[in-house]
Amino acid sequence: MSHVLHDIEKQIIKVLQSVPNLTEEKISQETKLSMDQIRRGVEWLRQKKLADVSESVNISLSLGKNGLDALKNGLPERRLVNLVKDGPKTFDEIRSSLQGFDFNAAIAHAKKNDWIDIEKTYTGSKISLKDPDADVPNDSDLIISKLGEKTIVPTEFDNTPLAEPLKSLMERPDFIIAHEEKTKTVSLSETGKKIDLEKLDSGAIDVEADVPHVHAARIHPLKDTINEVRETFAHLGFTEIIGDLSQSSFWNFDALFTPQDHPARELQDTFYLKGLNAKQLATPTQIKNVSNAHKKGWRYYWDIQEAKKMVLRTHTTCVTIKYLADKKPDEARIFSLGRVFRNEKVSYKHLVEFNQVEGIVVGKHITLRDLMGIQKEFYRKIGLTKVKFWPTFFPYTEPSLQSMVYNERLGKWIELFGMGIFRPEVTKPLGITKPVLAWGGGIERIAMLKFGLDDVREFYNNNLSWLRTASKCQ
Amino acid sequence: MPVVELSLSRLQNLVGKKANKKQILDSLPFLGLDIESLDGNIVRVEYSPNRPDYSTDFGIALGLQGILGISKGILKLDVKKQGNYEIKVDNSTSKVRPFVTGIIARNGSLDNESVKQLINMQEDLHFGLGRKRKKSSIGIHDLDRISFPLKYTTTSRDHRFVPLNSTKESSISEILQDSEVGRDYGSILGQSAKVPIITDANGQTVSFPPIINAALTTVTTKTKNLLVEVTGMDKQSAEDMLSIVVTILQGAGFQFSQLKVSGSKNSTPNFAPRSITFDTDPVNKILGLNISGSVLLSCLKKCRLDAVMKGKKIQCTIPRYRFDIFGGMDIVEEVALGYGIDNLKPAWPASVHIGEKNMTSEKLDSISRLMTGFGFMETLNFTLTSEQILYEMANRDSSQIISVTSSKSQEHTILRDSILPGLLENLSKNIHETYPQKFFESGIVFSKGAPIKETSSLACVTASEETHFSEMKAVLQSLLRIGFNIKCETKTLPNHVFFSQGRVAEIVVNKKTVGYIGELDSKILENFRIRTKVVGFEIKLSGLIFD
């Protein structure tokens with residue numbers, strides 16, 4: 001069997017063929033390759049069954065904070081014994097040199113080791129040595145001083161008199177710290193040992209090996225859908241018009257027969273631009289006719305000041321209606337696409353700013369069924385094939401329909417674009433005499449279907465890992 | 001859109017046993033009712049604000065009967081002139097709330113669910129048609145507690161009565177201050193010393209419109225006879241609202257007697273239907289159908305309208321509560337609904353139109369293609385952004401700030417005048433990702449001017465330890481040369497708040513400054529918690545590559 005080996009692999013094999021068991025660190029030193037390269041190389045060799053890796057855990061001990069303190073000043077219980085060596089002392093006397101935690105630890109351990117007596121008197125408790133002549137064992141002190149010199153492997157104390165005191169010291173807080181260190185020892189498998197590095201073909205590379213991911217710089221996924229929608233509208237014979245995001249209330253609302261006390265016009269639904277009023281609204285005739293339509297249809301005092309207030313457009317319809325009012329075409333297919341705004345609480349399904357597209361068909365002979373057909377064709381072109389229509393309500397169209405599209409991933413019908421015929425109350429005052437059919441809706445919703453998203457906010461998070469990996473599922 | 005909760009079994013009882021629950025569920029969307037949730041027997045539907053008659057199951061049942069063919073045409077309304085029910089209007093109301101109207105509903109019975117439906121109806125009517133009670137509001141009362149004639153007049157704010165859901169007397173001022181409805185709707189009455197009031201023949205308070213009824217006339221499941229009154233600023237809208245209540249109570253099985261209204265420009269409401277006469281041809285033409293007159297009549301009847309042929313024309317009779325029907329186009333929609341939207345087959349219109357994208361869109365597209373070619377990732381940020389990102393963190397001059405009123409979100413309060421700060425925010429959010437990071441965005445920026453000016457800009461940034469000024473300048477020059485055959489120069493700029501001193505330049509095309517390019521100032525990077533070097537530029541595209 002011939003092997004195709006990476007240069008890293010070859011170097012590792014070469015080292016291991018002269019010394020059979022080595023840690024990864026050692027291999028790194030020997031080969032002068034980085035630890036990262038060694039880890040990768042060892043992993044490749046392991047997968048090819050050319051090397052075995054055995055993992056072992058080494059524990060080493062060193063002094064903790066309290067241990068270092070004991071090394072410097074002696075263990076608390078040793079210090080206590082030294083204090084009472086020359087005769088009993090009261091708690092207060094002892095506290096003057098052993099405070100707080102040390103005091104408690106000293107009493108507890110000296111008592112546990114049965115070195116001291118505590119006698120309660122009227123003037124306070126007194127401590128004395130139990131047997132002033134006996135030697136107090138110093139095993140623990142020994143351990144501390146040994147660890148003070150160097151770190152120690154715990155097995156060194158096995159089967160010695162120091163084993164028990166060590167165990168008890170390790171139970172005390174912060175005296176001794178145990179470090180766990182994992183080492184990987186690498187050895188060659190039988191096949192690995194037999195590889196003759198000299199005979200390997202040096203020009204061959206492993207063409208089957210895994211490679212790292214590369215990231216493409218790309219158009220934003222939502223923009224990708226926007227472009228697709230724009231392209232599709234153009235294919236369907238629609239010509240794009242553009243308009244400002246900031247609009248007068250006149251074109252955003254009044255021209256669309258939305259009464260001035262309509263809830264949609266309130267601050268809590270629409271963004272008004274602070275202190276900004278339109279300088280030029282429309283032609284005097286347009287203003288007069290729209291005003292009259294409102295007075296006739298809604299029976300109220302129509303206020304031109306209200307119409308001058310600048311808003312962030314709530315739909316792209318303000319752009320299309322102004323185009324129709326100015327050009328009055330007999331035949332037309334136009335569309336407008338761009339950002340629109342709603343003063344909403346942001347959530348997984350609502351944004352304050354999103355993209356909308358709206359197509360308009362003007363024509364003497366155009367019918368509602370035609371509009372349904374155009375829409376069906378639009379959906380087919382962007383890959384949505386199960387479509388049905390339901391009645392709905394829009395303030396400025398009549399009749400109005402909404403299209404429902406079936407989504408396999410969610411297993412349900414999703415409401416997409418709306419459509420309808422502009423009300424005569426909208427078109428007549430603006431001098432538009434032919435029927436105007438409109439259709440459109442939000443684009444993020446379509447993009448969510450395409451990219452399998454359930455949270456619309458993801459499009460504007462600009463999360464690089466998502467931008468780098470997002471892929472179309474429809 | 002308003003929502004109404006329905007019990008399917010109750011709805012089935014109202015519609016009639018001929019319809020099963022599945023038929024009912026399948027038909028709801030074809031009345032324009034969106035099913036929001038379905039949980040066993042309970043279905044929640046969204047209805048359109050133009051059809052307030054769908055605010056209760058009584059109204060929806062009426063519609064379902066029609067579309068399912070169980071009962072068609074107008075439900076005849078008989079308002080008897082018997083009994084001596086009258087309300088007299090005092091002139092003083094003309095300054096605060098000039099109009100009142102109403103009706104007597106008799107011999108009905110209301111179970112718990114019916115009362116619930118009526119309360120839902122009342123709330124929805126107050127919110128929508130009534131414009132939060134400002135334009136018109138309803139009071140429904142137990143008729144048997146009231147002596148006629150009633151008086152609609154005004155009273156002072158120290159007038160006392162026991163309000164609904166209470167057992168003790170309060171003054172009008174107390175109600176306006178202490179009760180929730182008082183606080184929510186008191187402002188409708190403004191500062192006027194006199195407020196509207198309805199009292200009965202014995203001088204008892206019946207209602208304090210548009211705020212609250214008196215406890216005296218509380219409606220319970222034992223109530224058999226009702227007085228409905230609607231007050232408002234406009235006679236017609238008050239009567240519109242009343243007609244909805246009448247239709248729903250009719251569905252609930254009540255019979256009606258007239259409430260005479262007189263005095264101060266008020267008059268007794270008229271529930272007579274209207275007629276519209278129209279040709280069949282335009283209806284067929286706009287729908288793309290070719291249906292006969294008799295089919296057309298049947299479609300209208302399915303929508304609970306009446307219609308007859310008058311020669312070649314159709315005369316359609318519209319009940320009072322269908323005030324959403326303005327004219328011919330509304331009739332077209334009714335025909336479509338009656339015909340069944342499902343039966344309308346999509347058609348494909350022949351067209352000679354050649355579509356095209358707007359020049360500006362095309363050019364922005366080509367910029368995107370070039371920028372991704374240079375290795376930059378496109379990001380999208382909001383044009384309605386926060387002061388913190390745009391000015392505070394970016395350390396920029398905020399004197400020309402353009403803000404919106406009453407935003408519900410702190411993060412969306414001002415319009416951006418620059419794209420670059422948003423890109424820094426994007427870098428800031430991605431500091432845990434691998435470098436180098438390269439971003440660009442093109443889009444609208446705003447500035448002040450008669451009253452506001454919108455232009456398009458392009459900004460881009462590179463963040464990495466190794467990046468430097470010349471790398472970015474190379475991208476800028478290549479982009480303009482390859483994409484638009486434009487030659488640009490960079491001219492030394494002594495200082496700029498956004499960029500490091502000595503590493504910033506103006507972008508100049510044909511002796512005009514069109515943008516800035518440089519290494520971002522370390523303080524600003526610190527504000528955005530970016531730990532690598534960043535170079536970037538922003539350039540105005542409007543006036544350069546398109547108008």
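Me: A residue counts as buried if 20 or more other C-beta atoms lie within 10 Å of its own. By that cut-off, what share of the residues in chain B is buried?
Reply: The model is a predicted one, and buried residues make up 44% of the 547 residues in chain B. In chain A, 39% of the 474 residues are buried.

Me: What makes helix 3 of chain B a mostly covered element?
Reply: Helix 3 spans residues 57-67 of chain B, and 10 of its 11 residues are buried. Each of those 10 therefore has 20 or more other C-beta atoms within 10 Å of its own. The buried set is D57(B), F58(B), G59(B), I60(B), A61(B), L62(B), G63(B), L64(B), Q65(B) and G66(B).

Me: What does the globule rule give for 474 residues, and what does chain A have?
Reply: The rule gives a radius of gyration near 23 Å, whereas chain A has 42 Å. The box filled by the C-alpha atoms of chain A is roughly 120 × 85 × 40 Å along the principal axes.

Me: Into which domains are the chains divided, and how far apart do the domain centres lie?
Reply: Chain A has domain 1 (7-61 + 182-199), domain 2 (65-174) and domain 3 (221-469). The C-alpha centres of domain 1 and domain 3 of chain A are 66 Å apart. Chain B has domain 1 (3-67), domain 2 (79-267), domain 3 (274-340) and domain 4 (359-540). Between the C-alpha centres of domain 1 and domain 4 of chain B the separation is 53 Å.

Me: What share of the contacts in chain A with a separation of 6 or more joins residues 24 or more positions apart?
Reply: In chain A the share is 71%. For chain B, 71% of the contacts between residues at least 6 apart in sequence join residues at least 24 apart. A pair is in contact here if its C-beta atoms lie within 7 Å.

Me: Why is strand 12 of chain A called mostly covered?
Reply: Strand 12 runs over residues 353-362 of chain A, and 10 of its 10 residues are buried. In a regular strand the side chains alternate between the two faces of the sheet. From strand 12 of chain A, E353(A), N355(A), V357(A), G359(A) and V361(A) point one way, while F354(A), Q356(A), E358(A), I360(A) and V362(A) point the other way, and all are buried.

Me: How do you know that strand 12 of chain A is paired with strand 11 and strand 16?
Reply: Pairing requires at least two bridges between the strands. Strand 11 (residues 332-341) and strand 12 of chain A share 10 bridges in the antiparallel sense, and F341(A) has E353(A) as its bridge partner. Strand 12 and strand 16 (residues 436-442) of chain A are antiparallel too, with seven bridges, and V362(A) has V436(A) as its bridge partner. Both counts reach the cut-off of at least two, so both pairs qualify.

Me: What makes strand 21 and strand 26 of chain B the edge strands of their sheet?
Reply: The sheet is open, has seven strands in the order 21-24-25-29-28-27-26 (chain B), and its pairing is mixed. Strand 21 (377-378) and strand 26 (489-492) of chain B each pair on one side only. Within this sheet, strand 24 (residues 437-448) and strand 25 (residues 452-463) of chain B run antiparallel with 12 bridges; K438(B) stands opposite T462(B).

Me: Which helix lies across strand 21, strand 24 and strand 25 of chain B?
Reply: That is helix 11 (residues 359-373) of chain B, which runs at about 150° to strand 24 of chain B.

Me: How many residues does each chain give to the contact between chain A and chain B?
Reply: Chain A gives 75 residues and chain B gives 69 residues. On the side of chain A that touches chain B, helix 16 (residues 368-381) of chain A contributes the most, with eight residues. That side has 38 nonpolar, 16 polar and 21 charged residues.

Note on methods
Residues numbered from 1 in each chain as written. Chains lettered and ligands numbered in written order. Predicted model: local features only at pLDDT ≥ 70, side-chain atom pairs only at ≥ 80, totals over all residues. Contact = placed C-beta atoms within 7 Å. Helix = DSSP H or I, 4+ residues; strand = E, 2+ residues; numbered from the N terminus. Nonpolar A, V, L, I, M, F, W, Y, C, P; charged D, E, K, R; others polar. Domains from an automatic or database assignment. Rg over C-alpha atoms; globule rule 2.2 N^0.38 Å. Buried ≥ 20, exposed ≤ 12 C-beta atoms within 10 Å, placed from the backbone. Axes fitted to C-alpha atoms, helices over the stretch in contact; angles between N-to-C directions.
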